[in-house]
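Have a look at the sequence and the 3D view, then read on.

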Amino acid sequence: MELQQMRYVIAVAETNNFTRAAERCLVVQSALSHQIARLEKELGAKLFERTSRRVRLTDAGAAFLPAARQCLEAAERAAAEVAAAVGDIRGRLTVGLIPTVAAVDVPAALQEFRTRHPHVRIALRAGASENLIEDVKNGTIDVAFIGLPVTSDPQGVRSRKLAHDRLVAVVAPDHPLAVRNSVDLVRLSSEVFVDLPPGTAGRAQADQAFTAAGLTRDVAFEVTTAYLIARLVEQRLAIAMLASAYVPQLTGVTTIDVTDAPTRAEHIIWSRTGSTPAARAFLAIVDTSVSSDPGAAGAANAPNLR
């Protein structure tokens, strides 16, 4: 069994087509088909059902695919570890982040990382905090920046708390509240809100604050990105609550301090079971940038990210 055969199987499974898989792998289709047939003979089972109209995994193929991916990832990591041992960081780096991350200038950190390690392929994945935690646990993301209510800590991963930040009210420039310097949750509870979906960490920050104050609010709009939140606010469809360090990036809206505002904590998380050389190098860059920032939460006493 060869790694190249596994790459061919994965390519066919992802494209559902032998011709497209061969193009992706930069080989002629006959060579790809021959290698997959050899592998099937060795395994004693068909991996694909082929007809004139479609290609799909058999039960045996579906069972083989996850293990094949793990083998390729292990091989790539082994090569990356060897390169790192002689001072050359290679491989892949996948970074996850919530759209409202503000404690670290992620593009600037990536720019420094890319300058130091130009041979690393980088992927960014935006998502909700709870999903990013699971992705780090299962290894599909190397490092992630998340935000949680101060009452919660990320579980099942290694983490460092980067900063605390209060939420502020976000309204349209011509909203009646826009002329005020501050407002409280009681006043805000009479407004219509746009927020993230229920069950997300971002939504929980505000929900917990209103519940603790004995208040309810009307969340008439549920969206999945801070950009859409801002656009709905701009159209006076609703108001919102977002992290104060993030809202300067928005246009077309006005922010108001909330006297009894909820607080969120931003964390950086990484695998509990081991990081790739690229992930360790990126964590070192973030560690330096956070430790040199006196405004970062716990910068003087925070544990080293590595």
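Predicted model: local features only at pLDDT ≥ 70, side-chain atom pairs only at ≥ 80, totals over all residues.

## Helix H3 and its buried side

Leu-32, Gln-35, Ile-36, Leu-39 and Glu-40 are the buried residues of H3, where buried means under 20% relative accessible area, exposed over 50% and partly exposed in between (1.4 Å probe, protein chains only). They sit on the same side of H3, because they cover an arc of only 140° around the axis; that arc is taken from the directions from the helix axis to the C-beta atoms. An α-helix has 3.6 residues a turn, so residues three or four places apart point the same way.

Residues are numbered from 1 along each chain as its sequence is written, and side-chain values use heavy atoms, with hydrogens and water left out.

## How long is H3?

H3 takes in residues 29-43, and its 15 residues should span 21 Å at 1.5 Å a residue; the end C-alpha atoms are 21 Å apart, which agrees. The expected span is 1.5 Å times one less than the number of residues. Just after H3, Gly-44 has a positive phi of about 75°.

Helices (H or I, at least four residues) and strands (E, at least two) are DSSP runs, numbered from the N terminus. Strand E12 (residues 263-270) is mostly covered, with seven of its eight residues buried.

E12 pairs with strand E5 (residues 143-149) in the antiparallel sense over seven bridges; pairing calls for at least two DSSP bridges between two strands. Here Gly-147 has Glu-266 in E12 as its bridge partner. Strand E6 (residues 158-171) also runs antiparallel to E12, joined by eight bridges, and Arg-166 stands opposite Thr-263 in E12.
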